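User: I have a chain open here and would like to go through it with you. Can we start with whatever you think deserves a look?

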Amino acid sequence: MHTDFSDDSREPMEDQIRQGMALGLDEICFTDHVDYGIKKDWDEGDIAHRGGDGVGTPADELEPLANVDYPRYFDKFREMDEKYGDRITLRRGLEFGVQAITIGSDAHSTKYLADHMNEARAVLRDELGFEVVYTFRQMHPVGHKL
C-alpha cells in the first residue's frame, strides 16, 4: 500500500496501519514509489513540481514530483513498527515503477509511418516528465533523449 510518501497518496502511514488493524489484517506492506529516470531523489535538489496529484490535490496546488524521501520514510516506518509491531506485522518495500518507455506509430501503411510521433514525444516529455524513450538493438535497450 502507499502512504503520503508517494506522490499518488495523501494517507499518513499511521492511518493506514490503524485501518489495517481495524479490518483485522495480520500483516501489511508499504510499497511507496520510486521511479528512476522520471523523478529525482530528494537529495538531488531542484525537484520539479506539478499541479495537483491526481488523487485529491487541486491542479492549482503544486505537488513535488520526487521519489520517496528515503531517510524520512524508513525513520517513520521504524517509529510505526515500534508503536504497532506487537499488534500487526509491518513490512516495507519500494515499488519501482516504469523505468523505460517505447513509442511507435503502429503504421500499417506508409501513409501513417511516424504518425503523431512528435506529439507523443511532447506529451511524454512535457506532461508526463519522461526524459528518455528507448529502442532495442539485439534485445538491449538504447536510450534516446526526448
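**Aromatic residues and the core**

Analyst: Y73 is buried, with a relative accessible area of 0%. Keep in mind that this is a predicted model.

User: And F74, what is its relative accessible area?

Analyst: F74 comes out at 23%, so it counts as partly exposed.

User: How are the rings of Y73 and F74 arranged?

Analyst: Their centres are 5.0 Å apart and their planes stand at 65°, so the pair is edge-to-face. Together with F5, Y73 and F74 form one aromatic cluster.

User: How many aromatic pairs are there in the whole structure?

Analyst: A search of the whole structure gives three. Another one is F30 with F77: the ring centres lie 6.5 Å apart and the planes are at 80°, so this pair is edge-to-face.

User: Where do F30 and F77 lie?

Analyst: F30 is in strand β1 and F77 in helix α2, so the pair ties together parts that are 47 residues apart in sequence.

User: Buried or exposed, those two?

Analyst: F30 and F77 are both buried.

User: OK, the largest nonpolar core. Which residues touch the most other members?

Analyst: M13, I17, F30 and L90 do, in a core of 14 residues. The elements giving two or more residues to this core are α1 (13–22), β1 and α2 (70–84). The biggest contribution is from α2, with five residues.

User: Is that the whole story, or what else is there by way of cores?

Analyst: There is a second, separate core of five residues, and I38, F130, V133 and L146 are among them.

User: Back to M13. What does M13 touch, leaving out residues up to four places away in sequence?

Analyst: On that count M13 touches T3, D4 and F5, then F30, and also Y73, K76, F77 and M80.

User: Zooming out, how many helices and strands are in the chain?

Analyst: The chain has three helices and six strands. Read from the N terminus, the order is α-β-β-β-α-β-α-β-β.

User: What share of the residues counts as buried?

Analyst: 29% of the 146 residues.

User: And what share of the contacts comes from residues 24 or more positions apart?

Analyst: Such residues account for 58% of the contacts in the chain with a separation of 6 or more.

User: New topic, the loop residues. Where is D41?

Analyst: D41 sits in the loop between β1 (27–34) and β2 (49–51). D41 is buried but has no salt bridge.

User: Then which side chain does the D41 side chain make a polar contact with?

Analyst: With that of N67, at 3.0 Å.

User: Which residues does D41 touch, again without those up to four places away in sequence?

Analyst: D41 touches Y36, I47, N67 and Y70.

User: What about D46, which loop is that in?

Analyst: D46 is also found between β1 and β2. Its phi is positive, about 50°, although D46 is not a glycine.

User: Buried or exposed, D46?

Analyst: Exposed: the relative accessibility of D46 is 69%. The cut-off for exposed is over 50%, so D46 passes it.

Methods. Residues are numbered from 1 along each chain as its sequence is written. This is a predicted model: local features need pLDDT of at least 70, side-chain atom pairs count only at pLDDT 80 or more; totals for chains, interfaces and linings use all residues. Side-chain values use heavy atoms; hydrogens and water are left out. Helices (H or I, at least four residues) and strands (E, at least two) are DSSP runs, numbered from the N terminus. Buried means under 20% relative accessible area, exposed over 50%, partly exposed in between (1.4 Å probe, protein chains only). Lys and Arg count as positive and Asp and Glu as negative; His and the chain ends are not counted. A salt bridge is a side-chain nitrogen of Lys or Arg within 4 Å of a carboxyl oxygen of Asp or Glu. A polar contact is a pair of N or O atoms within 3.5 Å; within protein, one must be able to donate a hydrogen and the other to accept it, and residues adjacent in sequence count only if both atoms are side-chain atoms. Contact means heavy atoms within 4.5 Å. A nonpolar core is a set of buried Ala, Val, Leu, Ile, Met, Phe, Trp, Tyr and Cys residues joined through side-chain atoms within 4.5 Å. Rings of Phe, Tyr and Trp (its six-membered ring) pair if their centres lie within 6.5 Å; planes under 30 degrees apart count as stacked, over 60 as edge-to-face and the rest as tilted.
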